[in-house]
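What follows is a guided reading that begins at a single side chain and then widens to domains, chains and cores. Please keep the sequence and the model in view while reading.

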Amino acid sequence: MNTLFDKIWDSHVVTKQSDGPTQLYIDRLYCHEVTTPQAFEGLKGRGIRCFRPEKIFCMPDHNTPTHDQDKPLADPVGRKQVETLEKNAKEFGLTYFGMMNPRNGIIHVVGPERGLSLPGMTIVCGDSHTSTHGAVGAVAFGIGTSEVEMVMASQCILQQKPKSMRINVEGTLGKGVTPKDVALYIMQQITTSGATGYFVEYAGSVVRNMSMEGRLTLCNLSIEMGARGGFVAPDETTFEYLKGREYAPKGAEWDKAVSYWRTLKSGDGAVFDREITFDAADIEPMITYGTNPGMGIGITKTIPTDATPKALEYMGFHAGGKMIGKKVDYVFLGACTNGRIEDFRVFASIAAGRHKADGITAWLVPGSWEVLKQIKAEGLDKILNEAGFEIRQPGCSACLAMNDDKIPAGKYSVSTSNRNFEGRQGPGARTMLASPLTAAAAAVTGVITDPRTLM
Amino acid sequence: MKQKFDIIESTCVPLPLDNVDTDQIIPARFLKATTRDEKFFGDNLFCDWRHNPDGSLNKDFVLNDPSYGGCILVAGKNFGSGSSREHAAWAIAGYGFRAVIASSFADIHKNNELNNFVLPVTVSEGFLKELHATIAKDHGAKVRIELPSQTVTNLTTGSSEHFEINQYKKFCLMNGLDDIDYLLSHKKDIEEYEKAHA
């Protein structure tokens with residue numbers, strides 16, 4: 001008890017029945033085009049409106065093409081889904097950031113970036129990577145479409161309170177080790193169901209010293225450990241990041257908010273249902289060899305001899321084999337996991353003065369128009385263009401290949417996204433998850449390469 | 001498919017794999033629908049496992065084996081991991097499954113099943129192992145799931161286990177009620193909460 005999770009959760013309980021559900025108040029509902037049409041249909045069927053439309057923000061991101069966004073979507077089914085969201089947002093009086101709107105982008109990149117996701121909030125979205133918003137010190141979790149409908153109808157959700165877990169990462173990260181590697185390492189250690197039933201608080205010196213972009217990556221991947229969500233207690237890094245953002249409080253309201261946010265931390269005697277501590281010195285750049293994000297290894301290691309045969313067969317790999325030197329066909333930089341400015345800086349740091357390898361198709365997709373603007377402001381686009389890379393328009397893109405950005409069957413992709421499930425990046429696609437640094441190293445060499453050798 | 005759940009007795013479809021993710025249950029390209037058409041999702045349940053890359057039926061996949069059938073899917077551990085897509089629960093329901101037996105479920109998917117009147121039944125690894133062995137030996141082996149008493153029984157061996165379920169969700173399933181009715185009846189509490197936290 002006395003954890004930050006308890007504090008935020010308990011302060012949002014509207015009613016609680018013994019042995020029944022907790023009715024939890026939700027401060028922010030995000031809607032994208034894929035998981036909401038049936039919820040709006042449900043409201044229409046019941047003849048009801050959204051209870052608190054001002055707390056709901058909508059934007060398309062999954063179907064959006066990464067080029068020619070000013071033109072209508074070529075895919076008629078995807079176009080209908082995007083148009084349905086726009087129509088529903090209008091009909092129900094909700095804020096809508098459409099394609100080409102400078103506020104548009106991947107919902108989990110836009111929320112923090114616009115200051116819509118704030119410390120102490122409860123945040124939900126019909127998307128498992130809603131855990132991303134936990135980086136600002138919020139309790140944020142993915143829900144199903146029926147639950148989206150509940151929140152639209154009542155601004156509340158019925159949930160059983162998860163258990164709490166603290167994951168500490170102590171020490172100093174080694175050269176070439178990024179927040180993505182930290183998350184892939186934790187998953188390798190505890191598996192993809194290691195945190196099922198829990199809400200995770202990330203702590204320890206590594207997390208404390210992590211930038212907001214890094215914390216967003218780490219919290220994003222909480223769901224891949226099975227956790228409902230993960231968060232980092234807000235601190236000066238958080239306040240510095242949020243200050244001045246469009247929807248963040250301003251003036252006296254800001255000061256009032258910050259003084260409240262400073263109280264948002266787990267007590268000294270806080271008791272967690274489970275606590276795990278990792279040593280940063282044990283973590284090296286990671287890469288996955290299998291078909292779930294827990295099937296990862298340090299990049300210099302060999303594929304475990306007890307690896308799941310079905311996964312190896314799908315990937316065309318052998319137990320005991322090395323990852324370094326394996327041929328790569330595609331490189332994807334982007335997604336709600338690694339589509340932020342810091343990820344582009346890191347990628348550009350390797351690309352600078354080098355050139356994209358022959359035979360590599362690279363998709364560099366910023367998480368939002370705001371990220372793209374920043375890329376240009378910093379001149380990263382020039383560095384990347386000179387190295388033979390093209391920067392595309394924002395969206396979820398090849399993370400789940402709902403638009404045209406599909407990896408062909410049998411091809412190998414080094415991807416900064418979050419899932420290497422069978423067919424995730426297109427039917428038959430073979431995905432290896434890695435950090436932007438490792439992705440850049442593969443992009444300029446054409447093979448899996450330890451990024452430390454290029455730094 | 002808000003069918004009240006009480007007691008079911010059925011043959012089973014075995015899928016003895018761990019970490020079956022929702023991308024396998026229903027691949028992303030089928031998520032573009034704007035209606036809750038359970039038949040469409042059911043027809044595409046496990047689409048990429050049911051078919052070979054050339055589109056032909058994969059005869060080795062259990063759903064294509066006519067000797068198996070029934071409304072209970074028996075999986076491994078960590079069933080439904082990954083994406084929150086409720087389309088996965090719609091596909092399971094749309095195919096005709098009314099219960100899934102596994103040794104553990106991913107949290108979001110478990111809620112999605114419950115919200116679609118599909119019962120997730122969590123059993124011990126030992127019970128699950130025995131059940132898979134039973135089904136492998138006799139494809140017509142039956143299982144009985146009693147929601148009122150929260151018991152699941154392997155009718156071939158007589159092994160029986162108690163399973164956990166939130167009492168409120170149990171009430172909803174047994175009475176065909178959904179959460180929105182419940183929440184709408186608490187509007188006054190919500191408004192009071194908002195006033196107190198303004």
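A:Asp235 sits in the loop between strand S11 (229–231) and helix H9 (236–242) of chain A, where helices (H or I, at least four residues) and strands (E, at least two) are DSSP runs numbered from the N terminus. This is a predicted model, in which local features need pLDDT of at least 70 and side-chain atom pairs count only at pLDDT 80 or more, whereas totals for chains, interfaces and linings use all residues. Residues are numbered from 1 along each chain as its sequence is written, chains are lettered from A and ligands numbered from 1 in the order in which they are written, and side-chain values use heavy atoms, with hydrogens and water left out.

A:Asp235 counts as buried because its relative accessibility is 14%, buried meaning under 20% relative accessible area, exposed over 50% and partly exposed in between (1.4 Å probe, protein chains only). Not counting residues up to four places away in sequence, A:Asp235 touches A:Arg208 and A:Arg215, contact being defined as heavy atoms within 4.5 Å. With the side chain of A:Arg208, the side chain of A:Asp235 makes a polar contact at 2.4 Å, and a polar atom of the A:Asp235 side chain also lies 3.1 Å from the backbone nitrogen of A:Thr237. A polar contact is a pair of N or O atoms within 3.5 Å; within protein, one must be able to donate a hydrogen and the other to accept it, and residues adjacent in sequence count only if both atoms are side-chain atoms.

At the level of domains, chain A is divided into domain 1 (4–160 + 236–242), domain 2 (163–233 + 265–281) and domain 3 (284–454), with bounds that come from an automatic or database domain assignment. The C-alpha centres of domain 2 and domain 3 of chain A lie 22 Å apart, and 20 residues of domain 2 of chain A are in contact with 25 residues of domain 3 of chain A. Between these two domains about 1900 Å² is buried, 58% of it given by carbon and sulfur atoms; buried area is the accessible area (1.4 Å probe) that two parts lose on being put together, summed over both. A:Lys180, A:Leu184 and A:Glu213 supply 27% of the area that domain 2 of chain A buries against domain 3 of chain A, more than any other three residues. One salt bridge is counted between domain 2 and domain 3 of chain A, the term requiring a side-chain nitrogen of Lys or Arg within 4 Å of a carboxyl oxygen of Asp or Glu.

Turning to the two chains, 61 residues of chain A are in contact with 49 residues of chain B, and the area buried between chain A and chain B is about 4500 Å², of which carbon and sulfur atoms give 55%. Five salt bridges are counted between chain A and chain B, and the side chains of B:Asp23 and A:Arg424 meet in a salt bridge at 2.9 Å, N to O.

Which residues touch the most other members of the largest nonpolar core? Within this core of 110 residues they are B:Ile101 and B:Ile145, a nonpolar core being a set of buried Ala, Val, Leu, Ile, Met, Phe, Trp, Tyr and Cys residues joined through side-chain atoms within 4.5 Å. Helix H16 (residues 436–445) of chain A gives the largest share of this core, seven residues. A second, separate core of 103 residues includes A:Leu43, A:Phe97, A:Tyr202 and A:Val258.
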